Amino acid sequence: MTPLLSAPGKMAAVQDGPMELDTEKETKPEILSDGTSKLSGNAASGTLSSSPLTAGGAPKQEDQQTLIAVLQFLRRNKLSESVEILRREAGLEDQEDSQTLDGSGGGKGDRDGGEANSLLSRVSITSAAAPQSTLTPITVKRANEQLDVSVVLSAYSQQGDPSLYQVYYSGLKNFIESVLDCHRAELSQLFYPLFVHMYLELVYNNHENEAKAFFEKFGGDQECYYQDDLRVLCGLTKKEHLKGNEVLLDFRTSRFVLRISRDSYQLLKRHLQERHNNQIWNIIQEHLYIDIFDGMPRSKSQIDSMSGSFAGEARREVNKVKVFHGLLKEPEIEVPLDDEEDEAENEEGKPKKKKTKKDSMGSKSKKQDPNAPQQNRIPLPELKDSDKLDKIMYMKESTKRIRLGPENLPSICFYSFLNAYQGLTAVDFTDDSSLLAGGFADSTVRIWSVTPKKLRKVKSAGELNLIDKESDDVLERIMDEKTASESKILCGHSGPVYSVSFSPDRNYLLSSSEDGTVRLWSLQTFTCLVGYKGHNYPVWDTHFSPFGYYFVSGGHDRVARLWATDHYQPLRIFAGHLADVTCTRFHPNSNYVATGSTDRTIRLWDVLNGNCVRIFTGHKGPVHSLAFSPNGKFLASGSTDGRVLLWDIGHGLMIGELKGHTDTIYALKFSRDGEILASGSMDNTVRLWDSTKAFDDVETDDFTAATGHIHLPDNSQELLLGTYHSKSTPVTHLHFTRRNLLLAAGGYSSQ
Amino acid sequence: GAHTKMASPKTVPKDAQVMMQILKDMGITEYEPRVINQMLEFTYRYVTTIIEDAKIYSTHAKKSTVDADDIRLAIQCRVDQSFISPPPRDFLLDIARQKNQTPLPLIKPYTGPRLPPDRYCLTAPNYRLKSLQKKVSSSAGRITVPRLSVGAVSSRPSTPTLGTPSVQTVGTKVGTPVSLTGQRFTVQIPSSQAASVKSATPTTPTVQNVLINPSLIGSKNILITTNMVSQNSSGDSTSLKRKHEDEDDYDAL
């Protein structure tokens, strides 16, 4: 239990062990700028509090550690008498001890008492390491999140010898290169997180030169998709740089998840525990979470397809929660064939009426789809008469819908915004494709009528007074003909408008902007009704629920918020992403929200309780577009790396990868029946993909579902049905009309 | 456009070269040339501010020169003002947990547009104008009638009016210069601003009020009375508020 004696070069230091410990503890919570932190084996400052204990051999060292840990535990639980007694008996009479302990104890924030046991056990394990690193039990930060930033960073105060970091890392590298091929790919996943954590430790402890040398030597070895992060890291050379960087702080506090098969893990563990310097083992235990699975080790390509996010992959348990991805039952509305106005709603379970044509959109079976949520799982607004009329229109249009397929591609109608001078930042169409809204960098929102019908607003109050309220066409009369125009401008935001979203009933428009607010505009009066303040940072995306009333917004503050139009505060806060939330979409059944983020992950949230039910990793760049398939089972996502990834929501797996675009994909849309997926990108193209084929090819046997490993066929070329170039206009938005005509929109840029 | 030729490195000043190098190091290859100027401007402004602050701190500490500690302090104090970063993750998780515990509120049956209580909306009129004509605006909605008449119509028949009332959309302050010699005017202050002042003077129900800049008018000629707006209008002002069936306050959330 005490291989301390065999630790090379540290024998001499043992004498001064206790004194050094005191030094460490005293200075730990403060800024370590005075160099007393450099403890590479020298008796640095003997001037500080001298311990009354005689500097002895190894056993005394450990007992001292244990005693101190126990004292801390007692103190925290306010057992002051026991503290006194123990101190007296152990001979720790020196007052300074208690002070240093208090300093260190207080600096660590709150930890529950149960950890003292784990502390003690760690003391015994890590006592094998150099004396400096025996301090890890006291300074280590456990799973409880600390609110104090300095405490958060103090977990990096673990000191190995800085000049040995390179040795440790190369040692690991040599080991991994020497293992069998099948294990090598899996163990190579360790390189990146270890590299980052070791680098950050060096920076935190002010070993700037060593940090730079470390980075230069090993930075180039990392995977290519981490290069962007490494570039950011390269600029961080001082401790002060770390403090303001939220993303890095999050990286440090959230454990990087790695999925390794049991065999590979055993190999690694055996190797690391054989060695005397357990630096790497310490880092693994503190900062990494290794999700062990039983089975075949994964191949490099499998690993590559799933990695790339800030926090590694997702743990398997996270993706096991049951998700109700089915669609809600459509209320049965009789389509009046003879233009009779009699509508009735059949609730599920009642026998259908035979006389009128059935709603072909509703599900045929009367049994509840096991994958669909209950109708009242979340409160939804009831249908108004106007909604019912809308639905009838919808059904009529859908009978005229074109069936798309590989043989029958949609026609594409492109709306180019001229004279936008690269200021077009957001576009949306209404569901019936009658209105088009554009958000601009000059903080205005403009609405155009796509049909020949002009935009009219409601008359002013004085004029409303004059009209005949009893007439049949009162709804026409309230509209002001004098100011009818093809487009209307909505002013109100004080920053570029990054996202616009129409409500399903065409009464409202939402817009989100860099000024941190989301505004609700009325499409009857073309004025602003409400400004929802909550994000205090740019809001990158907003989306109305398919049933109206709810909407979701996501922004720079790394959370997405669920709002209802009649509450001035959000109803749900979806927190969990490590970086900005760039894209938010509702599931067709309105029970779930998908968010894509700059941390390269996509999360699926449950509206009912705000829990994260799915985490999808695999993108190598920020995710900018999301689309749910119309049947609710699948999700497509596009990011800056030019790939479209397809996900099976029920199983929580990646089922497809569509390569072809060369630039960021900002627009993704499924056709009305889900047969075709259209993607639009900054490379000025619209591509059509065969989604029926992509989803049919899914092989989900039990093994893959359990371990989450799918072998992705590289069939992007087969699935690509067509590429359509625009004349130097990047594609900002895509929309399938009810008849399956594809509309695209973008701002014409003349270079 | 963005692809115009960049100035060749030899002809740009050293600072601009540094900026170009920074952009290159961060992997940014395409940018408009104005970006360099913006970065230079920002750098200059920021460094100047910090150094000025540091100078103040060092003189306060009665030091002869500005040293590194002053600079550090200056940076520290400015960082909270300029570079505010979003809240830390654990804080967000905490408030999210609190917020997500409350169940989703039930949706009341349709009672009109579903909007938050009035004071959280932007729908309230932020000005009120009254016209001098007989027509009373019975605002069923929230839109006021922006009509204004210049001239005084009062109940005193002896007071001459100033021409015909003209309808303009003007703010409550009328700055039109008028020749006012020899005329008497009755200026009535709109009651929405002087609601607390009740005057005994009755007015015709439809008299609307105009606030005229007193400096234009000789003091002898003015008789200022404050009158309550008629019943109708005050009835209007309450009807302007959207009625809620229940508590306006959703503060329980």
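This is a predicted model: local features need pLDDT of at least 70, side-chain atom pairs count only at pLDDT 80 or more; totals for chains, interfaces and linings use all residues.
In strand β8 of chain A, the residue that bridges to A:G438 is A:R446. Together β7(A) and β8(A) make a hairpin, with 3 residues between the two strands. Within that turn, A:S443 has a positive phi of about 70 degrees.

Strand β8(A) also pairs with β9 of chain A, residues 487-491. These two strands run antiparallel and are joined by 5 bridges. Here A:W448 is found opposite A:S487, which lies in β9(A).

I turn now to another sheet of chain A. It is an open sheet of 4 strands in the order β18-β19-β20-β21, with antiparallel pairing. Which strands stand at its edges? They are β18, residues 581-586, and β21, residues 612-617; each has a single partner strand, so one side of each is left without a neighbour in the sheet. On average, neighbouring strands of this sheet are turned by 20 degrees against each other, with direction ignored. Strands β19, residues 592-597, and β20, residues 601-606, pair in the antiparallel sense through 5 bridges. Among the residues involved, A:A594 has A:L604 of β20(A) as its bridge partner.

Let us move to the interface of chains A and B. Chain A contributes 55 residues to the contact, and chain B contributes 44 residues. The area buried between the two chains is about 4200 Å², and carbon and sulfur atoms give 62% of that area. Three residues, B:R89, B:L104 and B:R114, supply 18% of the area that chain B buries against chain A, more than any other three residues.

How many salt bridges does the rule find across this interface? The rule finds 1 salt bridge. In a salt bridge with an N to O distance of 3.7 Å, the side chain of B:R114 meets that of A:E382. As for polar contacts, 10 residue pairs are counted between chain B and chain A, with both residues at pLDDT 80 or more.

On the side of chain B that touches chain A, helix α4 of chain B, residues 89-101, gives the most, with 9 residues. By residue class, that side of chain B consists of 28 nonpolar, 8 polar and 8 charged residues.

Note on methods
Residues are numbered from 1 along each chain as its sequence is written. Chains are lettered from A and ligands numbered from 1 in the order in which they are written. Side-chain values use heavy atoms; hydrogens and water are left out. Contact means heavy atoms within 4.5 Å. Buried area is the accessible area (1.4 Å probe) that two parts lose on being put together, summed over both. A salt bridge is a side-chain nitrogen of Lys or Arg within 4 Å of a carboxyl oxygen of Asp or Glu. A polar contact is a pair of N or O atoms within 3.5 Å; within protein, one must be able to donate a hydrogen and the other to accept it, and residues adjacent in sequence count only if both atoms are side-chain atoms. Ala, Val, Leu, Ile, Met, Phe, Trp, Tyr, Cys and Pro count as nonpolar, Asp, Glu, Lys and Arg as charged, and the others, Gly among them, as polar. Two strands pair if DSSP finds at least two bridges between them. Axes are lines fitted to C-alpha atoms, for helices over the stretch in contact, and angles run from 0 to 180 degrees between N-to-C directions.
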